[in-house]
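Please read them beside the coordinates.

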Amino acid sequence: MRPLTEPETKTLFEKLAAYCGKGIQDLITAGGTDDRHVFRVQGSRVYYVRESLANLATSVKRDNLLSLGTCLGKFTKTGKFRLHITALSIIAPHARYKIWVKANGEMPFLYGGNVLKAHVGRWSEDCPEHQGVIVLSMNDTYLGFGVSARSTAEARKLDPTGVVAFRQADIGEYLREEDTLFTT
Amino acid sequence: MGSTKTMGKGKPSSKGGKSGGASSKKGGARSKPTGSAPEGISKRKQKSMALAKPGGAQKTKANLANPHKPKRRKYTEKELDIPALNSIIPAGIAKPKGQKKGKKFVDDPASMMAIMSVVNAEKDKNVESKIMRARQLEEIREAKRKEAEERSEEKKAKFEETKKGLKKKRKSRHSDPGRIEDVDDEVPEKTSKPKKKRVSFG
């Protein structure tokens, strides 16, 4: 387990910025100066951990340490960063753009489908295309996140079966990817 | 022959000199020059013979002839400015001396903030440009749509006018016979047609 290097931090922040915008600042400063939260790499996975916990974890052998804190995602072998569904609880409160899905669209989304226009209850204004969006149910439960397929203005003219947001991760993965989600 | 023997014994080296000295003791002749130089050969010849031995450096005649010729100046490599062979070092390999090896970790909030601000600035620029482009496209589309609407409205209006005109014509035909006459005068062929229709075989 080690802190991130400069290029690693940059790639991680680029990914997070797609969803959070300037909300990353809150992630860095969270916990104040006494017990702030830090980013740590274990294997290829990146964890968002309380610093005191990260310091304690140094006493655990690298091979024996399976996980700590909240897993944000992992670095691929090509050096890109892939966000996992486990990061949802961290990025969602700071999200810039959101899409609320109606009850009839919840299940299709949780089974891995994209968000259709017919299923959208409401959406954030002025969202450009290919921007990270958080998907919520109408009672403000975080369901997952995705990437906007169209800008809000264009999406208005779309037919009801048109895709509004491409799914990236959804909480259905906790069941679907149960075997591989937490293995290194 | 005797001279050659003495040469073998008494070499021009210091050792030979000593041995020569010993032999002179035996002979009983004591003199400085006999100890250092063998008898019967001039100094110059002796020197040349010693150099003729295998392994010894041979001097050229010219050099011997002119020993006080000024030496040629030897240039150092730096002075000559000769490009060194294989001197190109690839950019990736060249590392400044004294630099620490290994990864540079970013763990303090200040440096993380710096990276974040750089990333955010880039993203914001992208997002803004996207939004601007989308708005511009939207404006263009709106303008085109308005134009098309206006055109269709004009067409409709024209169509309605022609319709109305035709209707008026029809009405005026039925109601105003005097006018029909006028029309008949103008276009006699058209009025003759209904007359033809009235003609019946029965």
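1. On a 1 Å grid over the protein atoms alone, a cavity is a set of points where a 1.4 Å probe fits but cannot get out, while a pocket is an open set with protein on both sides within 12 Å along at least five of seven lines; a lining residue has an atom within 4 Å of a point. Grid points are joined across faces, edges and corners, and a volume is the space filled by probe spheres set on the points.

2. Basis. The model is predicted: local features need pLDDT of at least 70 and side-chain atom pairs pLDDT 80 or more, whereas totals for chains, interfaces and linings use all residues. Residues are numbered from 1 along each chain as its sequence is written, chains are lettered from A and ligands numbered from 1 in the order written, and side-chain values use heavy atoms, without hydrogens and water.

3. Second largest cavity. This cavity holds about 30 Å³. Its lining draws on both chains: Leu4(A), Thr9(A) and Phe39(A) with Val106(B), Asp107(B) and Met112(B). Four of these residues are nonpolar, one is polar and one charged (nonpolar: Ala, Val, Leu, Ile, Met, Phe, Trp, Tyr, Cys and Pro; charged: Asp, Glu, Lys and Arg; polar: the others, Gly among them).

4. Largest cavity. The whole structure has two cavities of 30 Å³ or more, and the largest has a volume of about 90 Å³. Among its 13 lining residues, Ile99(A), Trp123(A), Cys127(A), Thr152(A) and Val164(A) lie nearest the centre. Strand 6 (98-101) and helix 6 (152-157) of chain A each give at least two residues to this lining (DSSP runs numbered from the N terminus: helices H or I, at least four residues; strands E, at least two). By class the lining has seven nonpolar, four polar and two charged residues.

5. Second largest pocket. Its volume is about 510 Å³. The lining has 26 residues, with Lys15(A), Arg82(A), Leu83(A), Phe145(A) and Gln168(A) closest to the centre. Elements giving two or more residues include helix 1 (6-20) and strand 11 (163-170) of chain A, and helix 7 (109-175) of chain B. Ten lining residues are nonpolar, seven polar and nine charged. Domain 1 (2-91) and domain 2 (97-175) of chain A both contribute to the lining, so the pocket lies between them; the domain bounds come from an automatic or database assignment.

6. Chain A overall. Chain A has eight helices and eleven strands. Of its 184 residues, 48% are buried (under 20% relative accessible area, 1.4 Å probe, protein chains only).

Methods:
Buried < 20%, exposed > 50% of the residue type's maximum accessible area, 1.4 Å probe, protein only.
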